[in-house]
Amino acid sequence: MADDSIDSTGKEAEVVVIGAGLSGVAAAIALRRAGIDDVVVLEKSGRLGGTWRDNTYPGCGCDVPSVLYEYSFAPHSWRRGFADRSDILDYLDTTAATHGVDKAIRYDTEALIIRWKPEAHRWHLQTTSGTYTARAVIVATGPWHRPRHPDIPGLDTFPGTSFHSARWNHEVDLTGQRVAVVGTGASAVQFLPEIQPKAAHVDVFQSTPQWVLPKPDYPLPLGLHRFFEHHPGPRRAWRSLHHWVQEAIGVPLRHPHLLRPLEALAHLHLRASVRDRALRRALTPDYRFGGRRLITSSTYYAALTRPNVRLHPTRVTAVEGSDVIGADGTRSRADVIVLATGYHIGDIPLAAQLHGTDGTLAQNWADDRRAYLGTSVSGFPNLFLLIGPNLLTGTTAVPTVLEAQLRYVTTALNHLRSSGASALDVKPDAEAAHQQALHEALRGTVYNAAGGTGYYFGLPGINTFCWPWSTARLIKRLDSFDPDAYTWTLPLPAQTNAEQDRLPARQLGRPR
């Protein structure tokens, strides 16, 4: 059993941020901009970047316009309309350095146990680099962190090489190899066109066909960026145009009776790209557009039509020797198996190590992952989740959600400072009321139309990913911090800190 005793030589901070990806970098900057300077960011890796650091598969890039995949306070000169991972990593590095965040990051420091100490009204974090004590903790580990490895009988005895696309093995040369790709989600859609010209043969196993829209990618010339530097107004208008196009696509996802034009566009894209009727039928979804994660690509369908690629519209049930076996009985010999099976979306990797007032976060979420406004979880005082449950839509860019959440978090922390309270904890009834309204609204959207399984569903039948309303409503809700939704804990007067830690606390409905 791990020893979570407190190191008397531990480090202290007002706020500890866990994770230095897109969310963690944004959190550190937002805290400092709000006047909260005593911030430490713990990063278990040797560099920042999160999912953009970890995913190195060929063709890896963003599936929302790059002009929306930036912090509003840090516009960037993107090279393409849809940024690739290297451009995004450069952006994060530059932005972190410009805002001094890199100095707050403690690299190669993994959080092992995070425990709320009610007698001290502090979080204590045991890490691989010692102990930290913090007034508040922000979990910024992101939903695209832990790869999902399928349980395929015989995979562990496969004589060739197998790896997950999220942990691409660059030591394996795919030139002239027979490659089996398991899964046809967003990652496979991006890397298949890159590996197809090299491989001798590619077998693609598809358990569920995807809706795919064309991807209007284009280079952004240096001259355009120079113009924008001298004319910020047009750049803001350009960014706003992309935002409203995304929002326009989001409207029929919330009102499925309006979906037919988008479905027609996707069908047209499929018909124009794939001439073979049998292949086209296998690639046609049997659920409504938007029921699963939206995918954009102008090269995926073309790659599937190449002579050295074969689509198997079936899931993989076993691996026997060098043969990959589909549920339809087909057998395909492979030298390399690439698992493009996605992530444990919505899972917080630290959930089992996060100890609140009544058990761990994993225990509290055993039946349903939930959080008030996707940010606060009852029983976990002074803890905030970034990109928590039910905060994303099929079209809203992550930075937009992050900035709205961080305005909420910094407002809460400043309330905590000004009130003299030692802790705030969202009330169970506030959390429950939010969850009830959210899931009632989800029933009328397309997000629940794929049978209760897939990308959006953390547990069968429970959508733990999607926000059922507009982005404008999301921003408005997060811009309106309600102190009455929280219980505020005020420590009783004490002559010394040690005595104060031993005294009971008073709980009020809101700060004075």
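Let me start with the loop between strand 4 (111-117) and strand 5 (122-127), which is where His121 lies. Keep in mind that this is a predicted model. Phi of His121 is near 55 degrees, a positive value in a residue that is not glycine. Most residues other than glycine have a negative phi. His121 counts as buried, because its relative accessibility is 7% and the cut-off for buried is under 20%.

Asn390 is another case of this kind. Its phi is positive, about 55 degrees, although Asn390 is not a glycine. Asn390 sits in the loop between strand 18 (383-385) and helix 11 (398-419). With a relative accessibility of 1%, Asn390 counts as buried.

Now the salt bridges. How many does the structure hold? There are 18 salt bridges. I will go through a few of them.

Take Glu43 and Arg53, which form a salt bridge with the closest N and O atoms 3.2 Å apart. Glu43 is in the loop between strand 2 (39-42) and helix 2 (51-54), while Arg53 is in helix 2, so the pair ties together parts that are 10 residues apart in sequence. Glu43 and Arg53 are both buried. This pair also belongs to a network of salt bridges that links Glu43, Arg53, Asp54 and Arg167.

Next, Glu70 and Arg239. Their closest N and O atoms are 3.4 Å apart, and the two residues form a salt bridge. Which parts of the chain does this pair tie together? Glu70 lies in the loop between helix 2 and helix 3 (85-98), and Arg239 lies in helix 6 (residues 232-254), so the parts joined are 169 residues apart in sequence. Glu70 counts as buried, at 2% relative accessibility.

Arg331 and Asp323 make a further salt bridge, at 3.4 Å from N to O.

On to helix 4, residues 186-195. This helix is mostly covered, with eight of its 10 residues buried. The buried ones are Ser187, Ala188, Val189, Gln190, Phe191, Leu192, Pro193 and Ile195. What do the buried residues of helix 4 pack against? The strands on the list are strand 8 (178-182), strand 9 (201-205), strand 11 (295-296) and strand 16 (336-339), and helix 9 (300-304) is there too. As a reminder on helix geometry, an α-helix has 3.6 residues a turn, so residues three or four places apart point the same way.

Then helix 7, residues 260-273, where His269 is found. His269 counts as buried, at 11% relative accessibility. Leaving aside residues up to four places away in sequence, His269 touches Val212, Leu213 and Pro214, and also Ser297, Ser298 and Tyr301.

Last, the surface. Arg271, Arg275, Arg277 and Arg281 form a positive surface patch. One of them, Arg277, lies in helix 8 (residues 277-282). Arg277 counts as exposed because its relative accessibility is 63%, and exposed means over 50%.

Technical notes:
Residues are numbered from 1 along each chain as its sequence is written. This is a predicted model: local features need pLDDT of at least 70, side-chain atom pairs count only at pLDDT 80 or more; totals for chains, interfaces and linings use all residues. Side-chain values use heavy atoms; hydrogens and water are left out. Patches are made of residues with over 30% relative accessible area and no salt bridge: like charges are joined within 9 Å, nonpolar side chains (Val, Leu, Ile, Met, Phe, Trp, Tyr) within 5 Å. Accessible areas come from the Shrake-Rupley method with a 1.4 Å probe; for residues, only the protein chains shown count as cover. A salt bridge is a side-chain nitrogen of Lys or Arg within 4 Å of a carboxyl oxygen of Asp or Glu. Lys and Arg count as positive and Asp and Glu as negative; His and the chain ends are not counted. The place of a charge is taken as NZ of Lys, CZ of Arg, CG of Asp or CD of Glu. Helices (H or I, at least four residues) and strands (E, at least two) are DSSP runs, numbered from the N terminus. Buried means under 20% relative accessible area, exposed over 50%, partly exposed in between (1.4 Å probe, protein chains only). Contact means heavy atoms within 4.5 Å.
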